[in-house]
Amino acid sequence: MRMSMKMLRGLLVPALALLLSGCDAVLLSPSGDIARQQRDLIIISVVLMLIIIVPVIAMILAFAWKYRESNKAAHAEYAPDWNHSTVLELLIWSAPLLIIIALGAVTWTSTHKLDPYRPVDQIDHARALAPNTKPLVVEVVALDWKWLFLYPEQGIATVNEMAAPVDRPIEFHITASTVMNAFFVPSLAGMIYAMPGMETKLNAVMNKTGDFEGISANYSGAGFSDMRFRFHSLSDADFQAWVAKAKASGTALGREDYLKLEQPSEKEPVHYYASVAPGLYNAILNRCVESNRMCMSDMMALDAQGGQGIVGTYNVTSLDAATRARVGMADDKRYVGALCAANSAGGQPMTPAGRPL
């Protein structure tokens, strides 16, 4: 029995080492300035808490050893009537209070400085952001179960792969097609949710070139485990070459193409699109990619103006059979279609939200 326990202990050490060898401490060695500041915040918080935890553990062991039953020394005498010590009270309450104050100050400043909606104001801790620096805008759509990235400035789109120039601020606009998801590139910045019909934002910057992993950090169904993408941090020249590679694909991402792409699929390969239909991201966000659906923004604009009155009793439509099957609607329900408001200065019909039809 003794021999078997020794063998078991001998096997546990290499087994533990093997398990730990698979750990990736990416959160503690980030490549983006926002992720670096978040890492520092984690370290500061842990150190502040350890200032309390370590002495408490040490005192527990010291008290247990000093006042053990077998200790007959005079300094460990039994004192059943002892009930108060002003010095101990001051130590017990002042130290945690100071730690809480320090944590509160750190939390307050970091909550505002690391707000994902706040544009970055530095490249890294040693370099300030140059005035009038234009961020790279990337529109992100969480699909089932893949990621769609739209680049409005470059006019391209990709699936399950994105790229950005090193040391250039990135402004993410994030939404989802069906269920809530979470966009997370651990080396770049913190996690932020993607929700249908809503837009969240994330501002970040990558300080090292390389190939990094992006994941979905919120369970969203059967294909969740493979909902991953590659993030390429490139030099300016390599980024332009990557954009040229996408444009060379010759594939266009129109609204009908998006509706096909939106269908649930797992382990989707990387796709490149040389062009994107105008206003596609806005249509995805407002849930009106289909031509016969009113956009949420138009609906809210009508509500803000007091509704459409008697006109709405006639201006109704319904989804076609293919769309009903795609969204899981069994009934042919009718709803208000898009309405034209006053013409623009150029004579083009406008929606109630002020967008051209």
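D33, R36, R39 and D40 form a linked network of salt bridges. A salt bridge here is a side-chain nitrogen of Lys or Arg within 4 Å of a carboxyl oxygen of Asp or Glu. The whole structure holds 11 of them. This is a predicted model: local features need pLDDT of at least 70, side-chain atom pairs count only at pLDDT 80 or more, and totals for chains, interfaces and linings use all residues. Residues are numbered from 1 along each chain as its sequence is written, and side-chain values use heavy atoms, with hydrogens and water left out.

- D40 is partly exposed, at 25% relative accessibility. The classes are buried (under 20% relative accessible area), exposed (over 50%) and partly exposed (in between), with a 1.4 Å probe and protein chains only.

**Salt bridges around R127**

- R127 forms a salt bridge with D124, with 2.8 Å between the closest N and O atoms.
- R127 also meets D167 in a salt bridge, at 3.0 Å from N to O.
- R127 sits in strand 2 and D167 in the loop between strand 6 (161-165) and strand 7 (170-176), so this pair ties together parts that are 40 residues apart in sequence.
- Strands are DSSP runs of E with at least two residues, helices are runs of H or I with at least four, and both are numbered from the N terminus.
- D124 is buried, at 13% relative accessibility. R127 is partly exposed, with a relative accessible area of 37%. D167 is partly exposed too, at 25%.

**Positive phi outside glycine**

- N132 has a positive phi of about 65°, although it is not a glycine. N132 lies in the loop between strand 2 (127-128) and strand 3. Its relative accessibility is 81%, so N132 counts as exposed.
- R287 is not a glycine either, yet has a positive phi of about 55°. R287 lies in the loop between helix 6 (280-285) and helix 7 (296-304). With 33% relative accessibility, R287 counts as partly exposed.

**A cis peptide bond**

- The peptide bond from D144 to W145 is cis, with omega near -10°.
- W145 is found in the loop between strand 3 (136-143) and strand 4 (146-151).
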